[in-house]
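Please look over the model below before reading on.

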Amino acid sequence: MSIITNNHLRPGLQEQIAATKSGCTNCGECVRECAFLKKYGTPKSIADSFDAIDPKSLARSFECSLCGLCSVVCPEQLDLDGLFLEMRREAVDRGFGDYPEHSPLLTYERLGTSRRFSLYRLPQGCTTIFFPGCSLSGTRPDGVNRVFAELQKTDPTVGIVFDCCLKPSHSLGREQYTGAMFEEMNNWLVQQGVKEVLVACPNCQVMFTSLGQGLKVRTVWESLAESGLQPEGVSGTVTVHDPCVIRDAQPVHQAVRTLLNRQGLMVEEMPHSGRTTVCCGQGGAVNLLNPQLAASWGELRKREAAGRRIITYCAGCVQALGGHTPTNHLVDILFAPNQTLAGKKKGAGAPFTYLNRLRLKRAFKRKEGYAVTRERTFVPEQGQPKKRSWKPLIFLVLLVAAVAGVHLSGAAQYLQQEKLQALIASYGVLAPAIYILLYALAPVLFLPGLPITIVGGILFGPVWGVVYTITGATIGASLAFLVARYVARDWVAAKLTGPTWEKLDSEVAQHGWKVVAFTRLIPAFPFNLLNYAFGLTKVPFVHYMVATFVFMLPACIAFIVFSSSLLGLIKGKVSPTALLGIGLIVLVSLIPVVYRRFKGRQAAEAEAE
């Protein structure tokens with residue numbers, strides 16, 4: 001495969017690659033500071049080898065946290081994080097930037113801009129709004145209320161906007177969508193006479209600063225420091241983690257430290273702080289694609305904090321670093337200092353973050369004294385308000401119709417398990433053969449296997465149901481494996497890109513069939529995709545097939561035994577088989593939990609040594 005020339009690339013990427021090739025001297029300054037570059041080499045070597053036709057080359061940039069530390073330490077002052085962002089945009093343009101691992105983050109963003117979660121409340125004469133962002137509103141709604149109350153003391157006409165700044169889409173290279181969504185929000189605010197946005201989230205600060213038009217952007221921390229806020233006094237020593245996206249925002253860094261010093265706290269700096277701060281591990285959504293690489297930043301912060309409590313002013317950073325070392329948000333220490341220093345002040349986690357945002361919106365929607373209210377309904381594809389989806393209602397109508405049809409036709413009698421099994425038995429060997437064939441095709445066609453498994457237990461019972469199901473599942477997994485290895489290798493390879501699948505390939509190369517056994521016993525990957533992925537590795541087919549059969553058996557037995565008594569359970573009959581099935585499912589479900597605890601204990605022992 002030949003390396004494509006710059007004139008085939010988007011203009012921004014052409015410029016970045018040309019600048020990197022001519023400017024990077026391979027000095028290694030950035031490599032010494034960055035786990036991503038230690039893995040893939042100097043920026044020059046990455047630019048030289050970049051191939052926009054190769055999905056693996058396009059996927060590489062999604063392991064960069066886009067934190068910008070490489071650009072700060074670069075003696076040639078190259079815009080290196082800009083290079084990797086442009087590579088992401090190129091991947092999106094070519095249809096290779098859609099990773100299922102990013103779905104939770106994009107869903108979170110989509111909800112943030114939806115009618116259900118968004119709210120704009122502007123008093124008469126409002127020229128300044130408070131934009132708390134998604135994460136702070138979800139994890140610390142009480143903090144949002146306290147900050148807003150302080151802002152109102154200085155400016156009674158300050159408004160509040162609950163919306164998303166689109167930073168996730170921006171970081172993932174979804175340039176067109178980000179631009180359209182942000183522009184609509186920006187233009188609406190300007191049309192309402194808003195001139196200043198006070199942000200609490202550093203990501204929101206970056207987005208409003210880079211994309212906002214006609215709006216002055218400041219942080220609430222600067223505003224609170226200037227207002228003379230006197231938080232409750234407390235003594236102690238903390239250290240500050242400056243979010244990497246605003247590493248160049250020295251006035252914000254200073255305002256945060258001013259507030260902490262005013263409170264009576266001593267701030268001791270870590271080796272990486274201010275302009276040379278490091279990523280928390282969540283930058284660029286790297287934690288979703290390569291958790292191990294992301295965790296290395298948290299471990300670095302743990303070492304640098306050296307037991308001191310970290311205070312940061314990004315809710316995402318609190319979440320990322322809190323798993324490594326004691327970490328709190330600035331609002332925690334400002335408004336609940338003793339609780340925070342005692343380790344008793346925690347932020348909420350999912351799904352409570354969603355509930356907190358809805359409660360916060362409802363509370364502000366009920367308040368009086370606001371002249372303008374809106375909920376965002378804009379969709380960039382059509383530029384019109386979102387239309388309500390009729391799909392749930394249609395599904396409900398079809399379901400009711402199907403149930404009525406079954407009863408009116410007299411087919412309800414066959415929903416009795418004995419009659420169903422008698423009906424199936426009347427087909428002789430044809431019924432098991434059709435079932436096995438259907439199950440064999442399911443993995444190849446990406447059909448869900450669990451519903452078919454349940455049907456197998458109901459129709460064939462706990463013994464033959466296991467025999468037929470494990471046979472069909474093994475044949476299906478083997479067919480997908482062979483398709484990937486011999487029929488559609490290039491197509492499958494194009495779909496399975498990213499560090500997750502690269503790691504699987506390297507693990508198989510090192511451990512062989514044991515990786516197959518592990519992933520079957522502890523389902524850490526999507527089953528259907530996994531079958532194809534193993535076809536791209538070097539594991540021998542026979543080893544793969546045998547390991548698949550043996551280590552899928554526990555889950556197969558558990559679900560078949562349970563489903564064989566499912567119709568009885570629906571009727572309220574609890575049989576010994578049902579209890580056994582439930583117990584087996586619980587045992588199978590506990591395997592990943594036990595494994596994670598075992599690995600965690602191993603890691604803790606290794607660290608202690």
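Where is the place of Arg275? Arg275 sits in the loop between β7 (265-267) and α16 (286-289), where helices (H or I, at least four residues) and strands (E, at least two) are DSSP runs, numbered from the N terminus. Residues are numbered from 1 along each chain as its sequence is written, and the model is a predicted one, in which local features need pLDDT of at least 70 and side-chain atom pairs count only at pLDDT 80 or more, while totals for chains, interfaces and linings use all residues. Side-chain values use heavy atoms, with hydrogens and water left out.

Arg275 counts as partly exposed because its relative accessibility is 41%; on this scale, buried means under 20% relative accessible area, exposed over 50%, and partly exposed in between (1.4 Å probe, protein chains only). Leaving aside neighbours within four places in sequence, Arg275 is in contact with Val72, Arg247, Asp248, Gln250 and His253, contact meaning heavy atoms within 4.5 Å.

A second sheet can now be followed strand by strand. This open sheet has six strands in the order β5-β4-β2-β3-β1-β10, and its pairing is mixed. Its edge strands, β5 (216-219) and β10 (372-374), each pair on one side only, and the twist averages 20° from one strand to the next. Strand β1 (residues 119-122) and strand β3 (residues 159-162) run antiparallel and are joined by three bridges, with Arg121 opposite Ile160 in β3. Helix α21 (residues 352-366) packs on the sheet, touching β1 and β3, and its direction makes about 30° with that of β1.

Which residues of strand β2 (residues 128-131) lie on each of its faces? Thr128 and Phe130 are on one side and Ile129 and Phe131 on the other, and all are buried, so that both faces are covered. β2 pairs in the parallel sense with strand β4 (residues 196-199) over four bridges, where the bridge partner of Thr128 is Glu196. β2 also pairs in the parallel sense with β3, over two bridges, and there Phe130 has Ile160 as its bridge partner.

Helix α14 (residues 220-227) is mostly covered, six of its eight residues being buried: Val220, Trp221, Glu222, Ser223, Leu224 and Ala225. Gly228, which follows α14, has a positive phi, near 80°.

A cavity, on a 1 Å grid over the protein atoms alone, is a set of points where a 1.4 Å probe fits but cannot get out, and lining residues have an atom within 4 Å of a point; grid points are joined across faces, edges and corners, and a volume is the space filled by probe spheres set on the points. By this rule there are four cavities of 30 Å³ or more. The largest cavity holds about 130 Å³ of space and is lined by 17 residues, of which Cys34, Phe36, Cys64, Ser65 and Cys67 lie nearest its centre. At least two residues of this lining come from each of α3 (35-40), α6 (69-73), α7 (80-93) and α17 (291-305).

The second largest cavity holds about 90 Å³, and of the 14 residues that line it, Cys24, Cys27, Cys30, Cys74 and Pro75 are the closest to its centre.

Methods: 1 Å grid on protein atoms, 1.4 Å probe; cavity = no way out; pocket = protein on both sides within 12 Å on 5 of 7 lines; lining within 4 Å. Pairing = 2+ DSSP bridges. Axes fitted to C-alpha atoms, helices over the stretch in contact; angles between N-to-C directions.
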